[in-house]
Amino acid sequence: MAFFGFGGRTPSGSDGKTLRPAAVAGSFYPADKDGLRAQLDECYATGRRLGGSEAGRPLALIVPHAGYVYSGGVAAAGFLSVAEDAVYERVILIGPSHRVAFAGAAVDTGNDAYLTPLGEVPVDVSFGKKLVSSGSPFTYRADAFSAEHDLEVQLPLMQYRFKKMPPIVPIVLGTVRYPILKAVAEALKPWMDGKTMFVISSDFSHYPSYAGAVKADGRTGDAIATGDLAAFAEALRKNGEDGIRGLETSACGQAAIAVLMEMTGGNEAFEYQHIAYKNSGDSPYGDRDAVVGYHAFSVYRKEAAGFSLSAGEKAALLQIARRSIEGYFRGENEAASWKDAELTGKLKARGGVFVTLNKNGFLRGCIGHFGEDTQVYRLVAEMARAAAFEDPRFPQVRSSEMPEIDIEISVLSPLRKISSADEFNYGKEGIYMMKGGRSGTFLPQVAAESGWTKEEFLGHCARDKAGIGWDGWRTADLYTYEAAVFGEK
């Protein structure tokens, strides 16, 4: 493909900034400012006809990256989910590498801004350097960005939409290996806090017939709408096995989509909304024999959905926890704990869990896990055994103690990174802090149990749980979360 317009060597601005020139202006979108604005007018008019509307502040979007005459309307429908006056600290752009093969995630820390015909888009270089300095899987390589189109085509769409364009963090993925994608997701997940927006760049089916695209893209889109990474992987597998003639891939950005779905973790606190679908056969410039599909999705956090459990669901988890501990004494594996239990969709979702054991009103063990990489019901069984037999503060629970043991379970919402303790809703949220490789947490209910002030709560957590000193929380990375807390008593 020939590149026109702003292509060429990386220029430097008058203020010494390093600017990444537009590589695909003149091919994917017009190279002149007036022509580009006219086409963006048309894209957004199409986006509104496709159902795009202002919905506020999505956490993430999945939008296509083909030429605007093919996919611009669908992409605009996605960006219409963002209110024009919405303010984000940054936009993290994630897409696949189309031109360079490498085993990791490249972060652009070499450019201070990206140029488009509409002007400069600033890069959050300091944030990118923080990712790269954290080590694997993040790296910087200039060749991953110099000609890559899938992030660039999103920029004019955002410049047109935002009243104030936030800085971007460009990330290109060079692999589809799950362990690497999982590591990327774990590193980025703390910034899924509403202050940062993620834009996932992906087209969908490549080169089947029109009918084949509708079939493959329908299956893929339905899977993404569930928010379940396993369902997405299964849809890709079924598309590959269906023998759809001409289908080379179901989603060129499947790695980027997988990172997003790993971050949301199948948790019902997150909602994937399908916005629009078209393929290149719907464009007057495309044919229907070999087409490319385009979806747009938005992702939101449902404020209370992740930790609202019915009485039946709470009873099932408490039953699983007790069965898990008692089954240990009989040599049973954890799977026996949930045999015959009523497992709803919420219990099968992935989420964080703490299990606390009390004996005659005194703590007897407490272990939890924030990772959200395991289904809730399985994690309850695992953490119940860990609280009983692996808490280093207590001897292992004996079988004879079980009648005196009361079990309490906390099902956690996703972690939310905060910039200062002023954002911590003391009494409603728990706190998790990290500093220098050390970490510690207090569950929300500790506030009521202790009677401490907010500052005492933070000080005790820093000193007694994280081991970073009484005032260590002031310079630590802070995260908050909510919990559905329930017990046998």
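**Exercise 1. State which residues aspartate 406 is in contact with, leaving aside its neighbours within four places in sequence.**

Solution. Contact means heavy atoms within 4.5 Å. With its neighbours within four places in sequence left aside, aspartate 406 is in contact with Arg322, Thr356, Leu357, Asn358, Glu488 and Lys489. The residue itself lies in strand 14 (residues 405-412); helices (H or I, at least four residues) and strands (E, at least two) are DSSP runs, numbered from the N terminus. A residue is buried under 20% relative accessible area, exposed over 50%, and partly exposed in between (1.4 Å probe, protein chains only). Aspartate 406 has 18% relative accessibility and therefore counts as buried.

The model is predicted: local features need pLDDT of at least 70, side-chain atom pairs count only at pLDDT 80 or more, and totals for chains, interfaces and linings use all residues. Residues are numbered from 1 along each chain as its sequence is written, and side-chain values use heavy atoms, leaving out hydrogens and water.

**Exercise 2. Determine how helix 9 and helix 11 are oriented to each other.**

Solution. First, take the axes, which are lines fitted to C-alpha atoms over the stretch in contact, with angles from 0 to 180 degrees between N-to-C directions. Those of helix 9 (residues 311-329) and helix 11 (residues 376-389) come within 8 Å and cross at roughly 50°. Next, apply the classes: under 35 degrees is roughly parallel, over 145 roughly antiparallel, 65 to 115 roughly perpendicular, and the rest oblique. The two helices are therefore oblique to each other. Among the residues that make the contact are Leu317 and Ile320 of helix 9 and Val376 and Tyr377 of helix 11.

**Exercise 3. Describe the largest nonpolar core and the surroundings of methionine 158.**

Solution. A nonpolar core is a set of buried Ala, Val, Leu, Ile, Met, Phe, Trp, Tyr and Cys residues joined through side-chain atoms within 4.5 Å. The largest one has 52 residues, and Tyr29, Met158 and Ile168 have the most contacts inside it. Helix 2 (residues 68-79) gives the largest share of this core, 6 residues. Leaving aside neighbours within four places in sequence, methionine 158 is in contact with Phe79, Val91, Leu93, Met165, Ile168 and Val199. Another core, apart from it, has 39 residues, including Ile94 and Met192.

**Exercise 4. Locate valine 24 and decide whether valine 24 is buried or exposed.**

Solution. Valine 24 is found in the loop between strand 1 (19-20) and helix 1 (33-49). Its relative accessible area is 0%, so valine 24 is buried. Histidine 149 is 125 residues away from valine 24 in sequence, yet the C-alpha atoms of the two are 6.4 Å apart in space.
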